[in-house]
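Here is my note on the model below. The points are numbered so that each can be checked on its own.

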Amino acid sequence: GNALSVSANRISYCFDLRGPSVAIDTACSSSLVAVHQACASLRARECDRALAGGVNALLSPDLSIVFAGAGMLSPDGLARTFDASANGYVRGEGCGLVVLKRLSDARAGGDRVLALIRGSAVNQDGRSNGLTAPNGLSQRAVIRAALAEAGVEPAEVEYVEAHGTGTSLGDPVELTALRAVFCDEIARPHPLVVGSVKGNIGHLESAAGIAGLIKIVLAL
């Protein structure tokens, strides 16, 4: 019962859910990849309603010891996203889940629609400066792919909920990629606002993406 696959399957078992039941492990992007896959299942009509999200529980100090030894964690426990004094990320716990339906079905059912996911995209860094080092070119590519899938022009985007881990390596790469897509190549009618929920609740790792998604839905 401790297998990763069973975590999702147990929910389906308890609630008698019959659609695709998949546990996804893509590290920090896991919960957003789950949302991406859920949207694909809805479009393919494999299901009519999807639950997608992630959970992160710090039940053992082992990983914290490893991450601290690698210099990845903030020694003072403060998440300084996009700050020149950023010195590492802060591990956080949490769980988030969203209910997804096709817009036509939600409207027909009289559901309260909080937000519309117009499109999404997934890729991989490929070979970068290291296994955990981000690749700015790949980040630009996946942003452009998501915009194309959504049918949205970069100039139309007013706010980006960023990954923003608060590390001296990741934050500059991410902001540079965002600037390249949303600012450098176009004339913007208004500034691009960028934020990250990690400054409030830390880095939820496998649940980090869904935390950011829920934050922006609440903002909308």
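1. A definition comes first. Patches are built from residues that have over 30% relative accessible area and no salt bridge; like charges are joined within 9 Å, and nonpolar side chains (Val, Leu, Ile, Met, Phe, Trp, Tyr) within 5 Å. Accessible areas come from the Shrake-Rupley method with a 1.4 Å probe, and for residues only the protein chains shown count as cover. A salt bridge is a side-chain nitrogen of Lys or Arg within 4 Å of a carboxyl oxygen of Asp or Glu.

2. On the basis of the note: this is a predicted model, in which local features need pLDDT of at least 70 and side-chain atom pairs count only at pLDDT 80 or more, while totals for chains, interfaces and linings use all residues. Residues are numbered from 1 along each chain as its sequence is written, and side-chain values use heavy atoms, with hydrogens and water left out.

3. The nonpolar patch. Ile11, Phe15, Leu17, Leu51, Leu97 and Val99 form a nonpolar patch on the surface. Together they have about 610 Å² of accessible area. Helix 1 and strand 2 are the elements that give two or more residues to the patch. Helices (H or I, at least four residues) and strands (E, at least two) are DSSP runs, numbered from the N terminus. Leu97 is in strand 2. Leu97 counts as exposed, because its relative accessible area is 53%. The classes are buried (under 20% relative accessible area), exposed (over 50%) and partly exposed in between, with a 1.4 Å probe and protein chains only.

4. The second largest pocket. A pocket is an open set of points on a 1 Å grid over the protein atoms alone, where a 1.4 Å probe fits, with protein on both sides within 12 Å along at least five of seven lines; lining residues have an atom within 4 Å of a point. The volume of the second largest pocket is about 1300 Å³. That volume is the space filled by probe spheres set on the points, which are joined across faces, edges and corners.

5. The lining of that pocket. The second largest pocket has 43 lining residues. Ala8, Ile11, Val22, Ala23 and Gly53 lie nearest its centre. Helix 1 (4-15), helix 2 (30-43), strand 1 (50-56), helix 3 (62-69) and strand 2 (94-100) are the elements that give two or more residues to the lining. Strand 1 gives the largest share, seven residues. By type, the lining has 21 nonpolar, 14 polar and eight charged residues. Here Ala, Val, Leu, Ile, Met, Phe, Trp, Tyr, Cys and Pro count as nonpolar, Asp, Glu, Lys and Arg as charged, and the others, Gly among them, as polar.

6. Two backbone angles to inspect. Asp16 is not a glycine, yet its phi is positive, near 55°. Asp16 sits in the loop between helix 1 and helix 2. Arg45, also not a glycine, has a positive phi of about 60°. Arg45 is in the loop between helix 2 and strand 1. Arg45 is exposed, with a relative accessible area of 58%.

7. Salt bridges. How many does the structure hold? There are eight salt bridges. One of them pairs Arg18 with Asp16, the closest N and O atoms being 2.7 Å apart. Arg18 is exposed at 71% relative accessibility, whereas Asp16 is partly exposed at 48%.

8. Links along the chain. Arg102 forms a salt bridge with Asp48, with the closest N and O atoms 2.5 Å apart. Arg102 lies in the loop between strand 2 and helix 4 (103-108) and Asp48 in the loop between helix 2 and strand 1, so this pair ties together parts 54 residues apart in sequence. Arg102 is buried, with a relative accessible area of 12%. Arg91 forms a salt bridge with Glu205, the closest N and O atoms being 2.7 Å apart. Arg91 lies in the loop between helix 3 and strand 2 and Glu205 in the loop between helix 7 (198-201) and helix 8 (208-219), so the pair ties together parts 114 residues apart in sequence. Both Arg91 and Glu205 are buried. Salt bridges with shared partners join Asp48, Arg102 and Asp105 into one network.

9. Sequence and space. Leu220 lies in the segment after helix 8.
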